[in-house]
Amino acid sequence: MSETHEGVHRHPAPTGFIRKYIFSIDHKVIGIQYIILALVAVLVGMVMSLLMRMNLSWPGTSWPILGTLFPTGAPGGQMTPEFYLSLVTMHGTIMVFFVLTTAPQGGFGNYFLPIQIGAEDMAFPVLNMLSFWVTLVGFIVILLAIFVEGNQGLGEWFAGLGPSFAGGSGTVGPIGGWTGYAPLSALGKIAGPGQGAGMNLWVISIAIFCVGSLLGALNFITTLLNMRTKGMSLMRMPLTCWAWFTTAVLALLSFPVLLGGGILLLLDRIANTSFFIPGGLYVTGLLSGTNPNFPLHTGGSPILWQHLFWFFGHPEVYIAILPGMGATSHILATFARKPVFGYRAMVFAIFAIGLLGFFVWGHHMFMSGMSPYSAIAFSVLTLSIGVPSAVKTFNWLGTLWGGRIRFTSAMLFALGFVSLFVAGGITGLILGQSSLDLPMHDTYLVTAHFHLVMGVASIFGMFAALYFWFPKMFGRFMSESLGRIHFWLTFIGVYAIFVPMHIMGIVGMPRRFSSFTEYEYLRTLDPLVMLVTVAAIITIGAQLLFYFNVVWSVFKGKRVENDNPWEATTLEWNTATPPPHDNFAGVLPVVYHGPYEFAVPGAPRDYVMQTDMEAEVPSGNGHNGHKH
Amino acid sequence: MATMVTSTRPSTKKGPGAGPGMPGPNGNGSKRKDAFREPDSRGNRYRIGMWVALASIAMMFTSLSSAYIVRSGTANDWVPLAMPRILLASTALILLSSVTLEFARRKLKSSLHGEYAKYLLLTALLGVGFLISQVIAWRQLAAQGIFVSSHPHSSFFYLLTGAHAVHLLGGLLALMFLLLRSRRKTLEPALAAKRQATADAVTIYWHFMDGLWIYLFLLLFLWR
Amino acid sequence: MGRVLAVIIWILTLLSVLLFFSGWWFPAAISEHAPALDRQFLITIIVVGLSFAAAQIGLGWMVWKYRDTGQAGDRALYSHGSNRLEVLWTVITAIVFITLGVMGQSVWASLRLYDAPAGSYQVSVVAQQFQWNFHYPGKDGKFGRTEPTLIDDSALNFVGLDAADAASADDSVTAALAIPVNRPVELRLRSKDVIHNFWVPQLRFKQDLVPGMEIKVHFTANRVGKYELACAELCGQLHFKMKSYMLVLPEDELQQLQALPQADFQNKMTELLAKYPLPTN
């Protein structure tokens, strides 16, 4: 930070490669860095899901390459149960934190929020840079967690840090699911494989990630409140900005709770405290306090961890999907050539979802032994969160109604988002009911529900965003034909993967089982298990097309002819391509209109940009009975 | 200089929603008359940013104190910790430091840069005093054989005081930063405004840490 | 493109819905609360299915009908929405969703808000990593004293039963659960190490076993037979193998079993486990 004149650019465009592309304080470069991080992380997470499907469909098969890569986790190439469970844990953690939280918010939000509100950068550029680098450190730590227990040299080095860092007995990473329920996650290596150094690193990685996210959230909120350009009133902001803002508020208030819980968990693991570990435990032949490997613990509360975790964990679901909702609203309006239907209702719905999101965490804990009375309150609140979600869906359909839809790849993915959001979200009506959780808790119905809604739908939102904004970011289009093939394969593929999982859940297939061969009643599901695996392999294969498309298009894609190729209305289409270092080349735009003025009667073109000083835009709702 | 392009047209155009301050429901812009207001001042972002950051710090301590309340309410292994007397000194020091920092901030507002620096230094010294007194408290407990893992109350004591101390250390660094800055005596209004804004932000933070300490102190020794 | 997308969306919707009629469903229920629960599930899934289908059909219709035909000068409808519609669909969904939510509480309330009826058959369940232990009070109906310090897995004292306590003389501990048919059962759930979850799909019943807590739950099974019992909360390496059986026995058979001393109890249990087959659906 340097003290300079008010109004003068605080940071002139850097010239050196390192300041420009590596330790950059330009929000656009940081946004791209986040997107690259997410693209790497999602590849890792996807390969893990592929391995899990292989293990479930062909149990006991030997995969020689795995034996070479993970000699302890897959001796002779045959996956062990603990290897499978560590894949479950790492897949969940990497996807939720390093993909679904980074790309939508840190990536696209970072790049486009300042431009869309007409600011020259984020409020605190240095903090912005820090938030990325802190997040990256978190990612490196979680990758270390995969290998630390299976790698001799690495394992020994970490063992030097203290007894709780000593490895478990031959696995590849922490075991606890992304929720890391205590006391399994708190007991240390006596609780079995995957509870040694890898679990410490898992907790540390999440704590680091919390810090990075908090820095980011702080920046987003301040930027949006402080730096909107002249005329950019709150109700003239694109819905993307509302979504990013609400997401930042959720992150700001929920991540500290996870950070607090993470610190307590780490203390239980390395300092022998008893926050989550109750007394009188008898683990693998040892009674607490009778052996140096298992020090005395008394009186901790395992459910306390679940409360702290889910108080964060439920808002986290909305942190993942709200930006996708924003991007979808934005893209639907642009390619339907029509104003967003019910802009205000959309803003209220985003707020309602964000607010209610803080009061429903208990629906993850119906079976946990918490008070059955509070379960009733949580259950009814949970079903009511479906209302703003339904309102959003109705408004998306309303936006399409009467439109002139242009089917670009971005639009296809945005439409796919709507379809998948409905498909995944609607089963929340089942899982939100405490009674129905009696059979459904921790089955594949849960897996299907959250993968469709917070996983795949969010990712579709990000695909749509990337196809949409790529021309602005790189000055070249992504290949539309590859984009379409990518869409068809992925759209059909995810339905084929996740719809059968609902059936598995109804039959009663439990999550997080490394094999289903032990149970007779699950035998009938074998064909579905195979169907899901085949669909997963095809869908994952289709993503290679996407990766190819991204890399190829950066260098060889069709060049963008003008600054507004999609004939859109918001500020990012009103500046150079790619935008200059300070976004608007020293002249901040002034805003005269709402963000989605398409098909304005009497206007020369079918869209009116926010900055269009000359255009006359009638007010009101064509269908509210107002006459103007 | 990032200048604003301002409209040469009158700000009351015909056609509602088309221009500044015109009503337009459902995303046609704001109904507020001041929709065309000037952007917020640059200095304000430090104050906004600080309040936002404090919201998040408050959430973390809320989560830790809810853990404290749950744990102390359900446990049958609770051994109350005798309050180390030195904590009263800590409390006095940090209260005093808030007062001196408030003086500093007001001196800056009246452009008394020398006085400002003096009070800043005094605040920083009081802050260091607070931390030293906290360390003495920890050492006294350790000397009695009470460590982090001894019992739940001691775990929470070390955790909460430690987390607070880390945050206060951050505040001390910010004071150092202000001190370094105060050596440059420029009078340009833009710079003065920014200096005032950063000083305001640090003051807000410091007062918050003061209040947080009082809260933690009461929680640790009065709740249970 | 619009028509292709519409048709694909409709086909996917149709296939998804058809899959729910393919015959894969809950295993046949064996508990008193299950019919009400299954009915609530059915009502919910009908609402879910109808909403799903309606939204997808609507989405398909929009992309079919409102695709850009490329006519010059042809513009979309200029509309910012309708407050009347917003209010309408907010109110309707709120009524439907919240009604569902309230309806869904009755089974929950009957199982969880009330204590087990007097005279319930009692079993204490002690879970540990990858193994279930069921502790029966024996003829006297009283559980012997248990103590964590007395637990010794190598001596097969899995629950820490105090042999010095008079009440424990007739107690039995086995790896399988036997309960009477048509009589309320109260389970006292405990765990020795990490969180486990007691789950019998046919019972439509699930509950975590949390270390440091004793959680009492109750239900009534109403069909004789042998059922698989699984752990449904990730508990470590061999979670997928943490399996046992639940036997629902006629009252007289259970009484006979109950009267046996520990060693005979276990033999009889093995015999019964072999006698009853698993359900076929």
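Predicted model: local features only at pLDDT ≥ 70, side-chain atom pairs only at ≥ 80, totals over all residues.
Is C:Phe130 buried, exposed or partly exposed, and how many other C-beta atoms lie within 10 Å?

Figure 1. C:Phe130 is partly exposed, with 18 other C-beta atoms within 10 Å. Most residues other than glycine have a negative phi.

**Figure 2. The loop of chain B that holds B:Ser111.** This loop runs between helix 2 (86–109) and helix 3 (113–143) of chain B. B:Ser111 is not a glycine, yet its phi is positive, at about 60°. With 12 other C-beta atoms within 10 Å, B:Ser111 is exposed. Chain B as a whole contains five helices and one strand, which follow the pattern β-α-α-α-α-α along the sequence. Of the 224 residues in chain B, 39% are buried. Among contacts in chain B with a separation of 6 or more, 74% come from residues 24 or more positions apart.

**Figure 3. Two cis peptide bonds in chain A, at A:Pro183 and A:Pro578.** Most peptide bonds are trans. The bond that joins A:Ala182 and A:Pro183 is cis, with omega about 5°. A:Pro183 belongs to the loop between helix 7 (152–159) and helix 8 (197–226) of chain A. The bond from A:Thr577 to A:Pro578 is also cis, and its omega is near -15°. A:Pro578 is placed in the loop between helix 19 (526–556) and strand 3 (587–588) of chain A.

**Figure 4. Packing of helix 2 (residues 27–57) against helix 4 (residues 81–99) in chain A.** The axes of the two helices are 9 Å apart and form an angle of about 155°. Helix 2 and helix 4 of chain A are therefore roughly antiparallel to each other. Their crossing is left-handed. Helix 2 of chain A contributes residues including A:Leu37, A:Ala41, A:Val44, A:Met48 and A:Met52 to the contact. Among the residues from helix 4 of chain A are A:Tyr84, A:Leu87, A:His91, A:Met95 and A:Phe98. By class, 16 residues of this contact are nonpolar and four are polar, with no charged residues.

**Figure 5. The largest nonpolar core and the surroundings of A:Leu252.** This core has 336 residues, and those with the most contacts inside it are A:Ile221, A:Leu252, A:Phe413 and A:Ala464. Helix 17 (residues 444–474) of chain A gives the most to the core, with 22 residues. Leaving aside residues up to four places away in sequence, A:Leu252 touches A:Leu214, A:Ala217, A:Leu218 and A:Ile221 in chain A, together with B:Val52, B:Ala55 and B:Ser56 in chain B.

**Figure 6. The contact between chain C and chain A.** Chain C supplies 92 residues and chain A supplies 103 residues. The elements of chain C that give two or more residues to its side include helix 1 (2–19), helix 3 (83–103), strand 7 (205–209) and strand 9 (225–231). Helix 2 of chain C provides the largest share of that side, 15 residues. The side of chain C divides into 50 nonpolar, 26 polar and 16 charged residues.

**Figure 7. C:Gln256 in helix 5 (residues 251–259) of chain C.** With 13 C-beta neighbours inside 10 Å, C:Gln256 counts as partly exposed. The C-alpha atoms of C:Gln256 and C:Thr44 are separated by 43 Å, and these residues are 212 residues apart along the chain.

Definitions and conventions
Residues numbered from 1 in each chain as written. Chains lettered and ligands numbered in written order. Core = buried A, V, L, I, M, F, W, Y, C linked by C-beta atoms within 7 Å. Buried ≥ 20, exposed ≤ 12 C-beta atoms within 10 Å, placed from the backbone. Helix = DSSP H or I, 4+ residues; strand = E, 2+ residues; numbered from the N terminus. Contact = placed C-beta atoms within 7 Å. Nonpolar A, V, L, I, M, F, W, Y, C, P; charged D, E, K, R; others polar. Axes fitted to C-alpha atoms, helices over the stretch in contact; angles between N-to-C directions. Parallel < 35°, antiparallel > 145°, perpendicular 65-115°, else oblique. Left-handed = near helix turned anticlockwise from the far one by under 90°.
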